[in-house]
Amino acid sequence: MAETNVIVLDLWASSYGMRVKIALAEKGISYECRQEDFEAKSSLLLEMNPVHKMIPVLIHNGKPICESLNIVQYIDEAWNHKPSLLPYDPYKRSQARFWGDYIDKNVYNAVKRVWTGKGEEQEECKKQFIECWKILEDELGDKPYFGGEEFGYVDVALVPFTSWFYTVETNGKLSIEEECPKIVDWVKRCMLKESVAKSLPHPRQIYAFALQYKQRHGLE
Amino acid sequence: MLTECFLSPIKGTVFLQNWFCFSSEFSIPSGDKVEVLDFWASPFCARVKIALEEKGVKHVDREEHDLFGGKSELLLKSNPIHQKVPVLLHNDRPLAESAIIVSYIDEAWPSNPLLPAIVYDRAQARFWADYIDKKVFEAGRNIWASNGEEREVATRDFIEVLKHLEEALGDKDYFGGDAFGYVDIIAIPHSAWFLAYEKLGAFKVEDHAPKISAWIKKCLQRESVAKVLPDPEKVYQFVLYFRKMSGLD
């Protein structure tokens, strides 16, 4: 479905930006993606997200929607043809939102603390990282996706962070496959979907980004 | 078919209609058992209770008497991930995270909707609920859990947050417009803590955010809000007690 007025303000390495791109791709919505520079935010970004001044921002017919999971819900409602990202049942919807919220509160920090950490502090961060993903693995269980048979909201919320797995494993010297094999299987399953494959950067690109970031911030 | 969305004649406006009302895929609640695992001073618990009151849903509130040392088995079983109140138990099925619970209440009991019908307006409502969630309680805590210069900085930061909310409210009666709704429910419980912040931070909300101040008075006239919110003086005493126990005084 061609949409003439859908713009995404993005940063290619941002897991939050990837969520929005996956959701749009799932719905078959074409959009213009504009890359932001964190050191020099565009006047459009500052105008469209004056409160947080952060990407991603979805601009639909000139009107901004901010906060990635809020954007994903908006996409699901504004283009309400299949596939649906959130379940129909109110209880299942609340569960999906709960896990989206859990991911928001825990995963980014768990990931970042491992690849920016050093020594004993990093060991502690590795434990927290594994604990966080084991909780998610428990929730996934034997289902193909977090939502059940179909790829959905929680999968969209989580899968972008997996592009950081190579960085975490290399920096942290750990094997996610050994610790959370079901999660790794789920990642492979998700990567077979075109919406995911074309929205996630290559893990080596993320690794190069992480190295540059550490250099710039004196974290080597 | 559940999804009965249609494009209005106004370009770009999408209405959600009868999203959850008519379906055999899930049962519409009747004769429900509704319980709230609760704590009297918690603004997050208050959100849930106000939403239930607004919907006219009978509920039993189970007070957690010792959140800091002896959480109940029911709480730990119902919310193993966060081990926090509020928890809504709807026919024994647990739901956690207050803003998510309020959304659920709106969807499970669809009459008198709390969220707007227009999709874009719903996104705006969720955005402000998220902002309030991320900022208000923490900014307030930074005031009462600190002393000296740290507290001065915290007070300034809190006032910044108030100003954002003042701008979001604008000249409307409520955050959603003419009717009391989702964002109001998410925000109003925090007002019970404002006296504590004002006394400790030596400022008045009215001086920095007069529209918010007026909105609080308007909301307190609603039965659901007046019934649920604790006395701000009691909250202030609770904060002072907590400060003493934490060695801050």
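Mentor: Let's start with Tyr104(B): its relative accessibility is 4%, so Tyr104(B) counts as buried (under 20% relative accessible area is buried, over 50% exposed, in between partly exposed, with a 1.4 Å probe and protein chains only). This is a predicted model, where local features need pLDDT of at least 70, side-chain atom pairs count only at pLDDT 80 or more, and totals for chains, interfaces and linings use all residues. Side-chain values use heavy atoms, without hydrogens and water; residues are numbered from 1 along each chain as its sequence is written, with chains lettered from A and ligands numbered from 1 in the order in which they are written.

Trainee: How many aromatic pairs does the structure hold over all chains?

Mentor: A pair of aromatic rings is described by the distance of the centres and the angle of the planes. Rings of Phe, Tyr and Trp (its six-membered ring) pair if their centres lie within 6.5 Å; planes under 30 degrees apart are stacked, over 60 edge-to-face, the rest tilted. Over all chains, the structure holds 35 aromatic pairs. Tyr91(A) and Tyr104(B) are edge-to-face because their planes stand at 85°, with ring centres 6.3 Å apart.

Trainee: And how does Tyr91(A) count, buried or exposed?

Mentor: Tyr91(A) counts as buried, at 11% relative accessibility. Trp128(B) and Tyr131(B) also form an edge-to-face pair, 5.3 Å centre to centre with 70° between the planes. Both of these residues, Trp128(B) and Tyr131(B), are buried.

Trainee: Which residues do ring pairs link into a cluster?

Mentor: Phe39(B), Trp40(B), Phe44(B), Phe137(B), Trp144(B), Trp193(B), Phe238(B) and Phe242(B).
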